[in-house]
Amino acid sequence: MTIRSRSAASSTALPDELPPDATRVATGIAIVLVAQLMLVLDATVVNVALPRIDADLGFGPAALSWVLNAYTLAFGGLLLLGGRLGDVRGRRRLFLLGLGLFTLASLLGGLAQSPTQLVVARAAQGVGAAMAAPSVLALLTTNAPDEAARNRALALFGAVSSGGASIGLVLGGLLTDVASWRWTLFINVPIGLAVLLLTPRFVSETPRREGRFDVVGALTATVGAASVVWALVGAPEHGWLSARTLGVLLLGALSIALLVRTERRHPHPLVRPSLLADRRRVAALGVMGLVVAGQLSMFFLTVQYTQRALGMGPLATGFAFLPFSVGIFAMSRLTPSLLARHGAGRLIPVGAALLLTGFVLLSRVSETSTYATGVLPSMVLSGIGGALVFMPVTATVLSGVEHEHAGSASGLLQTVQQLGAAVGVAIVASVYAVGAQAGSFVPGARAAYLTSATFAAIALVIALAALARTRRGSAPAPEVEAEQVPVPDLAA
């Protein structure tokens, strides 16, 4: 296929002459990626500091989870709205507005003197992140000058999004041990200010799109996503069959049903129905949600295993995840050329299989296991596997999406990630509680790790099924010029 061969060449060979604004574009992409790293770090950087936060502010066991849940709830509930607002009002504008709110909320959270103040600040961080995050991915794809640059930017985005969570554990442990838990929030302030100052100079604004805003879609999408996340994060505490959990899930389901009905009729929908008409895109979204569910639930378990069973402190626990991050970032250098040569349909199953293997190995840990024998091999496999999944999945979801709808597609992708994280941690926490034994972490962890592996196994099946359908149903591609295709199809 002509596009595939030209893609491979463009991804591996450098042009003889760089365009005049190449430095500006590269700097802009780097700035946007720094912002993405900051947003991703915030989902986990506070985790290691939770015991110190509890001791300082006096949360109590039940309320302490809201330091994490307030961020997840606001972030996951507003992502679709943030993506569409960026499409309509300008992505750079909404990116700056969201990042400004996130930076201010980080400062206020670091200064918090009561549990209520900290939870409100964390919720405000989530709102700011939901406004900025969809624009990050859209700005990367629309500012990249060609397909090769776009693929490299997507690979780095995947590395930052996947590896940033584990880096957050390292940074959180370091800041908590060396300084104070408050610096897990204060650290965002100088970074946020620097990005706010540099973005207008190096990142181009996208055109504003005319059209009536979908108010009903915005309300139902927000209520639906927020309700599902709220029900899931509270399910381990209140019970999966409790009136609270079932009632909120029902509210979320009804809101999503109303959203679907509205989007089919509205001339300017919040989520274009055509985005979900492509089977490969739907399969890629499913794979992303399941892989994130597996990874975040693995993080949840391994943080506790390294501290409770292996006796590691917060900083050592953070460093235990470094092989995962190294694997992600090392493979991100190779993924663009692998994607151009082999296609997403081949890379994603390999990555899912490596994740499955890593999670199964973790299910075999015991009280006598060491870090080198029990955890390290899984971290390496999971890092490499994650890199082979995240960038190809992202490219598949965005493949064929018009520039004016890139924010909506990005918001949809990241909403699936947040829902996957909430589902994964909620289910694994419940499985662990069923098998837990007093005084020993391992018995409950074995079944819980196998649950993480199940998420990866389902992702593998979906990836293989989507690839098989593509092979059977695809007609020979006509020979076309690569320059005629604004966003090449990378999923085949």
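Predicted model: local features only at pLDDT ≥ 70, side-chain atom pairs only at ≥ 80, totals over all residues.
Colleague: What makes Ser452 buried rather than exposed?

Modeller: Ser452 has a relative accessible area of 0%. Buried means under 20%, so Ser452 is called buried. Ser452 belongs to helix H20, which covers residues 442–473. Beyond its neighbours within four places in sequence, Ser452 is in contact with Gly294, Ser297, Met298, Leu301, Phe359 and Val428.

Colleague: Which residues have the most contacts inside the largest nonpolar core?

Modeller: They are Phe95, Leu140, Val287, Met298, Phe321, Val393 and Tyr449, in a core of 96 residues. Helix H13, residues 279–309, supplies the largest share of this core, with 13 residues. Another core lies apart from it, with 13 residues that include Val46, Leu50, Ile53 and Val67.

Colleague: With which residues is Leu140 in contact, leaving aside its neighbours within four places in sequence?

Modeller: Leu140 is in contact with Ile29, Val32, Leu33, Ala153 and Phe157.

Colleague: Why is Leu107 called partly exposed?

Modeller: The relative accessible area of Leu107 is 34%. Partly exposed is the range between the buried limit of 20% and the exposed limit of 50%, so Leu107 is partly exposed. Leu107 sits in helix H6, residues 91–110. Together with Leu104, Leu108 and Leu111, Leu107 makes a nonpolar surface patch of about 350 Å².

Colleague: How many aromatic pairs are counted, and why is the pair of Trp183 and Phe186 called edge-to-face?

Modeller: The count comes to four aromatic pairs. The ring centres of Trp183 and Phe186 are 5.4 Å apart, and their planes stand at 75°. Centres within 6.5 Å make a pair, and planes over 60 degrees apart count as edge-to-face; the pair of Trp183 and Phe186 is therefore edge-to-face. Both residues lie in helix H9, residues 183–186, three residues apart, about one turn of the helix.

Colleague: Are Trp183 and Phe186 buried or partly exposed?

Modeller: Trp183 has a relative accessible area of 42% and is therefore partly exposed. Phe186 has a value of 15%, so Phe186 is buried.

Colleague: What makes the pair of Phe299 and Phe324 edge-to-face?

Modeller: The centres of the Phe299 and Phe324 rings are 5.3 Å apart, with 80° between the planes. Since planes over 60 degrees apart count as edge-to-face, the pair of Phe299 and Phe324 takes that name. This pair links distant parts of the chain, with Phe299 in helix H13 and Phe324 in helix H15, residues 322–332, 25 residues apart. Both Phe299 and Phe324 are buried. With Phe321, they form one aromatic cluster.

Colleague: How do you know that Asp177 and Arg52 meet in a salt bridge?

Modeller: The distance from N to O between the side chains of Asp177 and Arg52 is 3.4 Å. A salt bridge requires a distance within 4 Å, so Asp177 and Arg52 qualify. In general, side chains of opposite charge can pair when their charged atoms come close. Asp177 is in helix H8, residues 147–178, and Arg52 is in helix H3, residues 50–57; they are 125 residues apart. Asp177, at 35% relative accessible area, is partly exposed, and Arg52, at 40%, is partly exposed.

Colleague: How many salt bridges does the structure hold, and which parts does the pair of Asp56 and Arg182 tie together?

Modeller: The structure holds three salt bridges. In the one formed by Asp56 and Arg182, the closest N and O atoms are 3.6 Å apart. Asp56 lies in helix H3 and Arg182 in the loop between H8 and H9, so the pair ties together parts that are 126 residues apart in sequence. Asp56 counts as partly exposed because its relative accessibility is 44%, whereas Arg182 counts as buried because its value is 15%.

Colleague: Why do Asp278 and Arg280 count as partly exposed?

Modeller: Asp278 has a relative accessible area of 26%, and Arg280 has a relative accessibility of 23%. Buried requires a value under 20% and exposed a value over 50%; Asp278 is therefore partly exposed, and so is Arg280. The side chains of Asp278 and Arg280 meet in a salt bridge of 3.9 Å, N to O.

Colleague: Which residues of helix H16 are buried, and what follows H16?

Modeller: In helix H16, residues 335–342, Thr335, Pro336, Ser337, Leu339 and Ala340 are buried. Gly343 follows H16, with a positive phi near 85°.

Methods
Residues numbered from 1 in each chain as written. Heavy atoms only, no water. Core = buried A, V, L, I, M, F, W, Y, C linked by side-chain atoms within 4.5 Å. Buried < 20%, exposed > 50% of the residue type's maximum accessible area, 1.4 Å probe, protein only. Helix = DSSP H or I, 4+ residues; strand = E, 2+ residues; numbered from the N terminus. Contact = heavy atoms within 4.5 Å. Patch = residues over 30% accessible without salt bridge, like charges linked within 9 Å, V, L, I, M, F, W, Y side chains within 5 Å. Areas by Shrake-Rupley, 256 points an atom, 1.4 Å probe, with all protein chains shown as cover. Phe/Tyr/Trp six-rings, centres within 6.5 Å; stacked < 30°, edge-to-face > 60°.
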